[in-house]
Amino acid sequence: HMANTYYPRGHSIYKQGAKGDAIYFINSGTVEVTTKEGFRTTLSSGDLFGEGALLDPNGRRSASITCLTPVHAIRISREYFDKYVQSSEKLNLSLRERDRFRKRDRAKTILREQTNLREFDMAEGEVLFEHGDGGNALYIVSEGKLDLKARGGATVLSIGASDICGLHALLMNKPRNTTAICASEKCTIQEMSADDFFKLYKSSDSIGKSLREVAARRDFLKAIVALTGKTFEDAHLREVFDAVDLDQSGAINQSELKELLNVLDPSFSDEVVQDVMEAMDINDSGTVTWEEFHHIFNSETTGTGEGS
């Protein structure tokens, strides 16, 4: 079930696309994480890797792992992992969201590493785009902070360095549904054209899925702000959840989610509603429970999450 293992420098622990049957905890040493899409990072002592394949229905590795140094690790079998995860719903949600976060971060990192980006500076209070503008580019924050504001002026989300905005208009082929304003003394922005974005977006199912998840979660936030008229941070999470959970069942179902999203945009298709449900439904149950909702937005609004 659990075994201490040793891998020499240069050893390939597993390759992207391979079937996964274990996770690994690094006791000492450093491994490199790479993907076919161009993502690259390192993990070292105290880090865990490999859980994604054990949580994903297809069971495939989403990255390759290679030892940069000799590595001592604990190998934990799928059987032991499954028993461990099933013992705690909170742990299950935490591991699943951690895996999703990693994949969203990989997609954003790949966007940032493109060379065909136009960089420019903005002053505090300057508008990057307005509600209703056409969407012909994606924007990456290189430095500073942007506030994304709803039509009434309430702040939906604040994003900082390394984050992105402008996804909704590109993916939906619709006008912008927020206004983006520089909220720091200076903002340095990188612009990616729609053509360049879609070449990358269509080049990888993993990148596409992760970026759709970012956009879908943000549309949920925008709909909440449209419903309450408050910034998301000013709203009490339980009150927000109960306002969407119309039948008070303790879980938001597809029809309740659609009703919420209609407040933001009545033209949203069933496919869009399904995308938002999949983005929020961490444990793939077909609904969004209070525990899932709290897990996602409590961390994100307190600054410890991905910020969607």
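Modeller: Let's take the open sheet of four strands, which run antiparallel in the order β10-β15-β12-β13. Strands here are DSSP E runs of at least two residues and helices are H or I runs of at least four, numbered from the N terminus; two strands pair if DSSP finds at least two bridges between them. Before going on: this is a predicted model, so local features need pLDDT of at least 70 and side-chain atom pairs count only at 80 or more, while totals for chains, interfaces and linings use all residues. Residues are numbered from 1 along each chain as its sequence is written, and side-chain values use heavy atoms, without hydrogens or water.

The sheet's edges are β10 (127-129) and β13 (155-159), each pairing on one side only. From one strand to the next, the twist averages 25°.

Now bring in α6, which lies across β12 and β13 and runs at about 140° to β13. Angles go from 0 to 180 degrees between N-to-C directions, with axes fitted to C-alpha atoms, for helices over the stretch in contact; contact means heavy atoms within 4.5 Å.

On a 1 Å grid over the protein atoms alone, a cavity is a set of points where a 1.4 Å probe fits but cannot get out, whereas a pocket is an open set with protein on both sides within 12 Å along at least five of seven lines; lining residues have an atom within 4 Å of a point. Volume is the space filled by probe spheres set on the points, which are joined across faces, edges and corners.

The largest pocket holds about 860 Å³. Its lining has 36 residues, with Asp 56, Asp 99, Lys 103, Lys 209 and Ser 210 nearest the centre. α6 gives the most to that lining, eight residues.

There is one cavity of 30 Å³ or more. The largest cavity has about 110 Å³ of space, and α4 (167-172) and α6 each supply at least two residues of its lining. Of the 13 lining residues, Gly 166, Leu 167, His 168, Thr 178 and Lys 222 lie nearest the centre of the largest cavity.
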